[in-house]
Amino acid sequence: MKLIIFAGPPTCGKTTVIKQVIRRLLNKGLKPSYLKIDVLFADEDEQLRSEFNIPTKKIYSGELCPDHCNVVVLDEVVEWAEEQQAEYLIVETAGLCLRCSPYVENSLGVVVLEATSGMNLPRKIGPMLTLADICVITKIDLVSQAEREVFRYRILEAAKTISIVESNALYGIGIDPIVRDIIRSQDIEQPMFLKGNPPVGTCTICVGKKEIGAKNHFGVLRTMENELFYVGE
Amino acid sequence: MYTNSIDITCNFAENYFMDINKITVIGGIGKDKSPEKVEKFELCMGNIISIVGPTGCGKTTLINDIELFANKNTPSMRTILINDEPVAEDFTFDPSKHPIALISQHTNFLSDLPVGEFLKIHSTIRGSENVSAMIDETLDFANQLTGEAIIKETAMTQLSGGQTRSLLIADAVIIGNSPIILLDEIENAGIHRTKALELLKNYQKIFVFVTHDPRIALLSDFRIIMKNGAMQKMITTSDEEKMAAIGLKQLDDIMLDFRKMIRAGEEITNDIFDKHINYLVTNYQYSLKK
């Protein structure tokens with residue numbers, strides 16, 4: 001099982017990039033599955049299921065931060081994807097506060113940023129960018145050449161070894177290199193660990209417990225099927 | 001697994017595009033999947049060419065293919081060669097090394113920095129040795145294209161449509177120094193077209209215009225006619241057409257004159273109108289004799 005985690009600010013074009021990626025994986029006879037983690041509303045799972053007829057799932061994080069939710073449910077979702085006999089699990093998250101990063105060791109981390117969000121964005125977002133393997137820049141046709149160059153320069157300033165892909169995903173431009181890296185990526189290994197150190201805080205993840213799975217955490221937890229429960233004193 | 005991949009790519013790109021002499025566009029298929037009538041065309045340094053055709057005929061798709069160095073991997077199945085060689089499919093560019101600058105109808109500045117600050121950031125990341133001279137040259141170029149001069153202290157977002165387009169072109173030519181510049185319908189932006197073409201001819205670059213403007217088309221070395229997603233025809237500008245371009249220039253100048261008068265609050269009387277038309281006819285016949 002290969003795990004690909006797509007992160008990025010809301011409306012940056014993650015789903016559009018993912019659709020193009022899934023289309024190409026299917027054309028190569030590969031078997032992708034898809035998980036969407038969002039806070040309150042998402043219908044991308046239904047869109048993708050009806051468009052591509054692949055196993056999809058959505059989880060509302062509700063009271064939890066979506067990246068926190070990702071950490072406590074991801075082991076179960078991987079099991080689900082394996083049951084579906086998928087070869088690839090594509091996770092789309094709506095990481096919000098930009099202090100965490102959702103990427104897991106041995107997974108491929110893809111951050112999607114829109115060129116229209118201003119030249120300073122790469123300096124503002126931290127581990128969601130610096131711990132990613134690939135940075136996809138979308139909506140490149142809308143900004144000046146100069147700003148494209150500055151945007152890219154600042155991404156490399158923040159994340160020196162990241163692969164940058166400029167994409168006009170609506171027209172499927174720039175998607176092939178992403179698919180190539182997805183196919184070349186490693187299989188995940190159990191137990192899974194987060195790539196980065198979470199920030200200082202009061203929840204188990206915020207204080208540095210990187211093990212994936214609700215059984216490794218305490219406080220307010222949940223399962224894949226959305227039952228919140230509490231473990232602890 | 002990604003370590004160092006950036007460095008390698010950058011160096012490769014730098015060497016790869018040090019000397020572009022020629023771009024070749026090899027035709028693919030149109031919207032109806034039949035092969036394009038123009039099998040191929042070549043662009044050499046110093047060329048100015050136009051792509052023409054009705055809206056929706058695939059003009060923008062053609063310049064997108066050029067910008068991407070398509071290698072039978074876009075819906076049109078076209079192939080772009082640089083110095084007779086294809087560009088590797090998975091090749092991705094650092095935009096500061098990318099030999100092509102595309103200025104489209106949608107391209108805009110988003111930054112609200114003052115113009116001078118913005119140009120400084122761009123020329124600094126380009127490793128320019130004399131940043132302030134670079135900024136002055138860029139502003140000077142832009143100000144020859146636009147009616148209202150751009151001031152260094154103006155915020156980028158306050159520039160008018162014409163000022164923005166002028167600065168985009170000037171930045172791509174001077175600071176970006178891109179060898180190939182694609183301009184998608186710049187005539188809609190209210191810039192000085194005659195001046196633009198005159199200025200651009202001084203730079204040894206390839207300029208590709210997507211245009212509905214007959215003057216730009218007739219001042220080009222040749223034009224590609226598009227229809228239904230396919231390149232239908234290639235016309236080299238004949239001497240006859242070059243003469244027509246002169247006549248069109250005079251027509252255009254008269255239009256500009258009227259524009260100036262209307263902007264200045266003058267009224268267009270019969271007298272003024274006739275005077276302009278008579279001037280046009282005499283002048284055109286004179287230039288024909290010459």
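Two residues are in contact here if their C-beta atoms, placed from the backbone, lie within 7 Å. The views below all come from a predicted model.

**View 1. B:Met226 sits in a strand of chain B and is buried.** We start with B:Met226, which belongs to strand β9 (residues 222-227) of chain B. Skip the neighbours within four places in sequence, and B:Met226 is in contact with B:Ile51, B:Val52, B:Gly53, B:Cys57, B:Gly58, B:Lys59, B:Leu62, B:Met231 and B:Gln232. Buried or exposed? B:Met226 counts as buried, because it has 25 C-beta neighbours inside 10 Å, and 20 or more is what being buried takes. For a sense of distance, B:Asp136 lies 90 residues away from B:Met226 in sequence and 39 Å away in space, C-alpha to C-alpha.

**View 2. B:Lys72 sits in a loop of chain B and is exposed.** The loop in question runs between α2 (59-68) and β4 (79-82) of chain B, and B:Lys72 is found there. B:Lys72 has 12 other C-beta atoms within 10 Å, so it is exposed; the cut-off for that class is 12 or fewer. With the neighbours within four places in sequence left aside, B:Lys72 is in contact with B:Met77 and B:Thr79. From B:Lys72 to B:Asp257 it is 185 residues in sequence and 47 Å in space, going C-alpha to C-alpha.

**View 3. Six strands of chain B make an open sheet with mixed pairing.** Reading across the sheet, the order is β6-β7-β8-β3-β9-β10. At the edges we find β6 (100-103) and β10 (230-236) of chain B, each of which pairs on one side only. From one strand to the next, the twist averages 20°. Zoom in on one pair: strand β7 (residues 180-184) and strand β8 (residues 206-210) of chain B run parallel and share five bridges. In that pair, B:Asp184 stands opposite B:Val210 of β8(B). Helix α5 (residues 161-175) of chain B packs on the sheet and touches β6 and β7 of chain B. The direction of α5 makes about 180° with that of β6(B).

**View 4. Helices α3 and α4 of chain B pack at an angle of about 120°.** Here we look at α3 (residues 115-125) and α4 (residues 131-145) of chain B, whose axes are 9 Å apart. With that angle, α3(B) is oblique to α4(B). The crossing of α3(B) past α4(B) is right-handed. Which residues make the contact? On the α3(B) side they are B:Gly116, B:Leu119, B:Lys120, B:Ser123 and B:Thr124, and on the α4(B) side B:Val131, B:Met134, B:Ile135 and B:Thr138. Sorted by class, the residues of this contact between α3(B) and α4(B) come out as four nonpolar, four polar and one charged.

**View 5. Helices α1 and α2 of chain A cross at roughly 25°.** Over in chain A, the axes of α1 (residues 14-27) and α2 (residues 44-52) come within 12 Å. Why call them roughly parallel? Angles under 35 degrees count as such, and α1(A) and α2(A) are therefore roughly parallel to each other. Their crossing, α1(A) with α2(A), is right-handed. From α1(A), the contact takes in A:Thr15, A:Lys19, A:Ile22 and A:Leu26, while α2(A) brings A:Glu44, A:Leu48 and A:Phe52. The contact of α1(A) with α2(A) has four nonpolar, one polar and two charged residues.

**View 6. Seven strands of chain A make an open sheet with parallel pairing.** The strand order in chain A is β3-β2-β4-β1-β5-β6-β7. β3 (56-60) and β7 (163-166) of chain A stand at the edges with a single partner strand each, so one side of each has no neighbour in the sheet. Strand to strand, the twist averages 20°. Inside the sheet, β2 (residues 32-38) and β4 (residues 88-93) of chain A run parallel and are joined by six bridges. Look for A:Pro32, which stands opposite A:Tyr88 in β4(A).

**View 7. Chain B as a whole has nine helices and 10 strands.** Of its 290 residues, 35% count as buried. Take the contacts in chain B between residues at least 6 apart in sequence: 69% of them join residues at least 24 apart.

Notes
Residues numbered from 1 in each chain as written. Chains lettered and ligands numbered in written order. Predicted model: local features only at pLDDT ≥ 70, side-chain atom pairs only at ≥ 80, totals over all residues. Axes fitted to C-alpha atoms, helices over the stretch in contact; angles between N-to-C directions. Helix = DSSP H or I, 4+ residues; strand = E, 2+ residues; numbered from the N terminus. Parallel < 35°, antiparallel > 145°, perpendicular 65-115°, else oblique. Left-handed = near helix turned anticlockwise from the far one by under 90°. Nonpolar A, V, L, I, M, F, W, Y, C, P; charged D, E, K, R; others polar. Pairing = 2+ DSSP bridges.
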